Amino acid sequence: MSQNKPIHDKWSILKPLFTPLEVPAKTVLLAEGSLSKKMFFVEKGCLRTWVNSNGKDITTQFFFEGDGVSSIESFMTNKPSLYTIESMEPCMLQVITQKDFQDTLNNSQQLRDQMLEHLYTRLLKSQQIFFSYLKNTPQQRYEELLAKHPEVVQRIPQHYIASYLGITSVSLSRIRNRR
């Protein structure tokens with residue numbers, strides 16, 4: 001989730017290659033099972049990633065202003081995406097193609113270093129989320145979300161938060177009422 005860094009600070013080397021894209025809420029930018037050919041940087045708005053589990057969508061992450069989003073596994077390996085990327089709000093995005101990104105990555109040690117740092121950060125966040133699911137109760141996961149990412153609770157509908165926490169909307173309502 002967002003570290004609220006402007007796009008130009010972290011990924012300034014890519015800025016000349018960006019194409020602006022404005023999308024309304026509920027726009028699928030990448031469907032699960034498709035090949036990822038674009039990387040998105042959120043200038044304004046919110047994106048989420050989700051997976052389909054027996055016809056039910058399960059939210060895996062949220063991305064806000066300053067975040068970069070792609071199905072990195074698909075983007076880097078040309079294998080089908082494991083998840084869908086969708087806008088939660090009307091969004092202003094900056095987009096770079098896989099080819100432009102790869103060409104720049106191949107010719108820039110600075111970008112390779114930034115990408116490595118970004119991937120480590122994402123891996124650590126993914127591990128934290130994974131271990132939180134293993135050791136914490138839904139109440140603890142919700143309180144951790146409130147403490148670390150209050151923008152999620154302020155901007156995201158409750159049923160998506162419940163999905164992200166791995167609980168039902170009814171359970172989330174009970175947790176909120178206990179506070």
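Predicted model: local features only at pLDDT ≥ 70, side-chain atom pairs only at ≥ 80, totals over all residues.
Residues are numbered from 1 along each chain as its sequence is written, and side-chain values use heavy atoms, with hydrogens and water left out.

Strand 3 (residues 38-44) and strand 8 are joined in the antiparallel sense over 6 bridges; two strands are taken to pair if DSSP finds at least two bridges between them. Helices (H or I, at least four residues) and strands (E, at least two) are DSSP runs, numbered from the N terminus. Within this pairing, Val-42 stands opposite Leu-93 of strand 8, and Met-39 stands opposite Ile-96 of strand 8. Strand 8 also pairs with strand 1, again in the antiparallel sense, over 5 bridges. There, Leu-21 has Leu-93 of strand 8 as its bridge partner. These pairings belong to an open sheet of 4 strands, ordered 1-8-3-6 with antiparallel pairing. In general, strands of a sheet pair through backbone hydrogen bonds, either parallel or antiparallel.

Strand 8 is mostly covered, with 5 of its 7 residues buried; buried denotes a relative accessible area under 20%, exposed over 50%, and partly exposed in between (1.4 Å probe, protein chains only). Helix 3 lies across strand 3 and strand 8 and runs at about 60° to strand 8. Axes are lines fitted to C-alpha atoms, for helices over the stretch in contact, and angles run from 0 to 180 degrees between N-to-C directions.

Strand 4 pairs with two further strands. Strand 4 and strand 5 run antiparallel and are joined by 7 bridges, with Ser-53 opposite Lys-56 of strand 5. The pairing of strand 4 with strand 7 is likewise antiparallel, over 4 bridges, and places Thr-49 opposite Ile-85 of strand 7. The hairpin of strand 4 and strand 5 has 2 residues between the strands, and Asn-54 takes a positive phi near 55° in this hairpin. Asn-54 is located in the loop between strand 4 (47-53) and strand 5 (56-63) and is exposed, at a relative accessible area of 81%. A positive phi, of about 60°, is also found at Asn-78, which is not a glycine. Asn-78 belongs to the loop between helix 2 (72-77) and strand 7 and is partly exposed, at 42% relative accessibility. Most residues other than glycine have a negative phi, and most peptide bonds are trans.

The loop between strand 7 (84-87) and strand 8 (91-97) contains Glu-89. With a relative accessibility of 17%, Glu-89 counts as buried. Its side chain forms a polar contact of 2.7 Å with the side chain of Arg-155; a polar contact is a pair of N or O atoms within 3.5 Å, and within protein one must be able to donate a hydrogen and the other to accept it, while residues adjacent in sequence count only if both atoms are side-chain atoms. A polar atom of the Glu-89 side chain also lies 3.5 Å from the backbone nitrogen of Cys-46. With neighbours within four places in sequence left aside, Glu-89 is in contact (heavy atoms within 4.5 Å) with Val-23, Pro-24, Ala-25, Gly-45, Cys-46 and Arg-155.

Two helix pairs were also examined. Helix 3 (residues 98-107) and helix 4 (residues 109-135) pack at an angle of about 110°, their axes being 5 Å apart. Helix 3 is therefore roughly perpendicular to helix 4; angles of 65 to 115 degrees fall in this class, those under 35 count as roughly parallel, those over 145 as roughly antiparallel and the rest as oblique. Helix 3 contributes Phe-101, Thr-104, Leu-105, Asn-106 and Asn-107 to the contact, and helix 4 contributes Gln-109, Leu-111, Arg-112 and Met-115. These residues divide into 4 nonpolar, 4 polar and 1 charged, where Ala, Val, Leu, Ile, Met, Phe, Trp, Tyr, Cys and Pro count as nonpolar, Asp, Glu, Lys and Arg as charged, and the others, Gly among them, as polar.

Helix 7 (residues 158-165) and helix 8 (residues 169-178) pack at about 95°, with axes 8 Å apart, which makes helix 7 roughly perpendicular to helix 8. The contact involves Gln-158, His-159, Ile-161, Ala-162 and Leu-165 of helix 7, together with Ser-169, Leu-172, Ser-173 and Arg-176 of helix 8. By class, the contact of helix 7 with helix 8 comprises 4 nonpolar, 4 polar and 1 charged residues.
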